[in-house]
Amino acid sequence: MEYDPRLYEQIAVSDNDTHNIVLSYLIHNCFKETVESFICSTGIKKPADCLEDIDRRKRIIKFALDGNALKAIELTEQLAPDLLEKNKDLHFELLSLHFIELVRSKRCTEALEFAQKNLSPFGKVQTYVKKLEDLMALLAYEEPEKSPMFHLFSLDRRQMVAEDLNRAILAHTNQPSYSSLERLIQQTTVVDRQLNQEHGKEGQSSFSLEEFVKKKIRTSTQEFPSKGQKQDA
Amino acid sequence: MGGLEDGLPPSKRLRSSSAGSSSVLSGSTAEEQPIAAALFRDSMAQILQCQGQEETIGSRGLIKRIEFVRLISDALYALGYKRSGACLEEESGIPLHSADVSLLMQYVLEGNWDEGASTLHKIGLEDETIIKSAKFLILEQKFLEFLEAGKTLDALMTLRTEISPLHVRTSRVHELSSCLLSRSVNQNGLSCNGSLKAKLRSEVLDELQKLLPPTVVVPERRLEHLVEQALNLQRGTCVFHNSSDWDMSLYTDHHCGRDNIPRHTSQILEGHQDEVWNLQFSHEGKYLASASTDRSAIIWEVGKYGEATLKHRLCGHQKPVSQVSWSLDDQQLLTCGAEETVRRWDVSSGKCLQIYEKAGIPVVSCAWSPDGRSIFAGFADKSICVWDLNGNELECWKGQKTLKISDLEITGNGRKIISMCRETAILLLDRETNEEKLIEEDQMITSFSLSNDSKLLLVNLLNQEIHLWTIDGDVKLLAKYKGHKRSRFLIRSCFGGLDQSFIASGSEDSQVYIWHRGSGQLVDILPGHSGAVNCVSWNPVDPHMLASASDDRTIRIWGLHEANIKPRVLQSNGTHHCNGKI
């Protein structure tokens with residue numbers, strides 16, 4: 001959507017806001033040392049408690065990303081005892097992660113026993129049945145990476161679970177689950193799309209930050225010669 | 001005779017030869033299956049020739065001896081005559097199953113799965129997919145039996161190393177994998193719970209047999225099936241078949257004589273003073289209603305031995321009565337005056353319960369709704385409407401839904417209304433979906449009637465043909481019946497007889513015509529009336545009783561036996577005259 005760039009220039013952005021955006025991003029992604037330097041450099045107020053939390057959270061997420069779901073679960077239980085109970089889906093995903101690791105390292109008997117003990121109770125609820133079936137199907141193959149279920153081994157999956165865990169822990173400690181930066185980009189994209197739709201533009205191109213920034217470099221007089229003329233919105 | 005010098009009985013010799021031919025075959029590809037089957041046949045043929053027996057039997061050389069004998073052996077075993085079966089195999093030298101197949105069956109019943117799976121390669125199967133499917137069956141049973149015995153790890157091994165590599169039935173493999181979980185916890189919703197239980201080994205054998213081609217394993221009870229097929233064929237072609245199937249025997253071809261068709265006048269009913277236009281038996285066959293130009297309708301009661309007596313004369317209409325319609329419980333009767341009104345009568349008392357009309361618009365046809373709570377009527381203004389029993393109008397369809405002289409039928413489930421919408425078309429209107437289907441003819445349609453099961457419609461045409469249509473699902477023409485005469489008047493036809501396998505119709509030449517519905521063959525022509533026969537009705541409960549209504553003012557009842565009749569005036573017991581005023 002083409003707007004007169006001067007409209008943008010009229011909007012003031014406070015330092016406080018920008019600092020908070022950056023801080024929220026750093027905290028969300030557990031960059032503890034960067035947080036400390038940033039606070040020093042900008043002089044903003046240090047948020048309460050968060051540094052210790054960051055460390056613990058960081059460890060948990062790292063274990064999850066490495067595939068060590070059991071350790072991640074253990075630490076999560078220490079940090080937030082009823083978190084997993086309240087987030088059954090997440091709990092299931094973490095346990096599945098462990099199961100998948102066992103299968104990947106060819107420890108099938110262990111995997112079967114683990115599934116019988118930890119996963120089958122979930123089978124009582126209909127929503128987990130299909131997921132359980134997919135997991136169990138892995139056991140049927142001697143080379144599961146080549147089976148129809150190979151997507152269960154993907155790194156993307158692990159990252160998604162880790163990210164979900166991160167959000168759950170943040171929510172539990174009353175911090176926002178999404179960083180402000182994420183939220184802003186999401187907002188811009190949605191608004192952009194909505195406007196495009198209203199003006200009948202086809203396609204749902206996502207908002208591209210890079211392109212947006214590039215556009216701003218062009219000088220205003222080139223495309224919008226006369227001052228004061230309202231752009232056809 | 002070559003081959004007999006070794007002194008072994010023929011069956012032993014056979015085993016070795018079949019083993020020999022199978023080993024030749026096991027290396028070939030799927031394309032060579034016909035060749036393999038031919039080789040099997042040829043090896044058998046060689047054996048037969050050695051024994052001096054012909055390859056084919058029967059007067060037309062259509063039956064192969066090998067197949068015939070194997071079917072008989074299978075039939076003997078199925079009947080439980082094991083010794084006879086074995087004896088036949090030995091004496092004829094034709095084994096029911098090759099030795100390897102017998103071994104395979106034995107292994108399956110014993111639970112010797114690994115041996116069974118490997119025997120599959122030896123029985124002369126060429127199609128790789130069949131071998132794999134058969135192996136899958138066997139190994140699946142192995143897996144399930146392990147599970148039942150609690151040997152989960154063994155089951156897991158079987159699944160991973162033996163079943164999975166077959167690369168068939170992937171979704172079933174996944175299901176079996178899920179079954180590994182259910183060992184201890186019984187209540188989860190995993191899909192395999194239903195099929196977790198291992199089948200009986202005999203069931204596995206049955207499934208295996210169905211999978212294997214007939215040259216290897218004869219289809220179970222094939223001889224029985226062939227005989228039943230022949231019997232069904234005979235029954236189908238018997239055009240006079242109007243009695244139960246118990247009479248069918250294997251000794252002679254089934255052939256009913258004419259004596260099962262009601263073709264003799266057993267009674268003449270003289271109650272009307274003018275032409276009788278319409279008549280219909282009640283659903284239970286205990287009553288007969290007739291409608292006449294003398295402006296009355298008569299309810300006749302059918303006695304225990306089929307004798308009909310006048311029960312009530314229903315007077316009140318000011319115009320000729322054109323139609324009668326029985327309620328489903330046979331307690332009430334609707335009569336329709338031609339372009340006049342509809343009257344509802346109580347059968348036991350003969351009283352008129354209600355008159356139905358629409359101001360200024362004459363009624364031309366009427367019908368009960370199957371639930372007995374409403375009445376359908378067609379009008380001279382081409383609309384159809386529904387009344388409740390009190391005369392309140394419930395629904396109305398306007399437009400060209402019906403014609404001046406027409407029939408109206410409602411299907412048994414109350415869903416479809418059938419009426420003539422044009423001279424050459426019948427409308428099937430679905431009340432729920434408002435969908436309209438048409439039966440279109442080239443000629444003008446004069447009348448139609450619906451079968452008991454509401455699936456078939458009989459349509460009388462101007463050109464003296466009767467057409468049979470199926471209306472259940474797709475609308476299609478099934479058959480045509482010809483022979484009767486119709487040139488000026490409205491003639492009606494009906495279904496009847498056992499399973500409604502006959503069509504009967506009136507005719508202007510004063511005769512009743514009967515056709516076999518399936519074959520279209522004209523079965524009989526019944527003379528007797530002295531005027532055009534307008535309508536016929538077959539007793540729904542007694543396949544040997546037919547009634548016909550004629551311009552000669554009489555109704556004839558037709559049955560199996562000639563009766564001693566002189567036309568005489570029947571005394572009615574307590575004629576009930578109703579003056580029509582309620």
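Q: How much space lies in the second largest cavity?

A: The general idea is that rolling a probe the size of a water molecule over the atoms shows where empty space is left. On a 1 Å grid over the protein atoms alone, a cavity is a set of points where a 1.4 Å probe fits but cannot get out, while a pocket is an open set with protein on both sides within 12 Å along at least five of seven lines; lining residues have an atom within 4 Å of a point. Points are joined across faces, edges and corners, and a volume is the space filled by probe spheres set on them. In this predicted model, the second largest cavity holds about 50 Å³. The count is four cavities of 30 Å³ or more.

Q: Which residues line the second largest cavity?

A: You'll find A:L97, A:I100, A:E101, A:R104, A:L152, A:F153, A:S154, A:R157 and A:R158 around it. Two or more residues of that lining come from each of α7 (88–104) and α10 (155–172) of chain A, with α7(A) giving the most, four residues. Helices here (H or I, at least four residues) and strands (E, at least two) are DSSP runs, numbered from the N terminus. By class, the lining has four nonpolar, one polar and four charged residues. In that scheme Ala, Val, Leu, Ile, Met, Phe, Trp, Tyr, Cys and Pro are nonpolar, Asp, Glu, Lys and Arg are charged, and the others, Gly among them, are polar.

Q: Before we go on, what should I know about numbering and what gets counted?

A: Residues are numbered from 1 along each chain as its sequence is written, and chains are lettered from A and ligands numbered from 1 in the order in which they are written. As this is a predicted model, local features need pLDDT of at least 70 and side-chain atom pairs count only at pLDDT 80 or more, though totals for chains, interfaces and linings use all residues; side-chain values use heavy atoms, with hydrogens and water left out.

Q: What volume does the second largest pocket have, and what lines it?

A: Its volume is about 1,000 Å³. The lining has 43 residues, and B:Q280, B:H283, B:E409, B:L450 and B:N452 lie nearest the centre. Seven strands of chain B turn up here with at least two residues each: β4 (276–281), β8 (321–326), β12 (363–368), β16 (408–410), β20 (445–450), β24 (493–496) and β28 (533–538). Sorted by class, the lining has 19 nonpolar, 21 polar and three charged residues.

Q: How many helices and strands are there in chain A?

A: Chain A has 13 helices and zero strands. Of its 233 residues, 37% are buried, where buried means under 20% relative accessible area, exposed over 50% and partly exposed in between (1.4 Å probe, protein chains only). A contact means heavy atoms within 4.5 Å. Among chain A contacts between residues at least 6 apart in sequence, 56% join residues at least 24 apart.

Q: What does the secondary structure of chain B come to?

A: Chain B has eleven helices and 30 strands. Buried residues make up 48% of its 582 residues. Among its contacts between residues at least 6 apart in sequence, 48% join residues at least 24 apart.

Q: Is B:C385 buried or exposed?

A: B:C385 is buried, with a relative accessible area of 0%. B:C494 is buried at 10%. In strand β17 (residues 416–422) of chain B, B:C421 is buried at 6%. B:C179, found in helix α9 (residues 170–179) of chain B, counts as buried at 1%.

Q: What pLDDT does chain B average?

A: pLDDT is the predictor's confidence in each residue, from 0 to 100. Chain B averages 81, and 83% of the residues score at least 70. Over residues 184–194 of chain B the pLDDT is below 50, and this stretch has 23 contacts beyond near neighbours in sequence. Residues 566–582 of chain B are below 50 too, with 32 such contacts. Where pLDDT is low, the predicted coordinates should not be read in detail. As for overall scores, the model has ipTM 0.73 and pTM 0.56.
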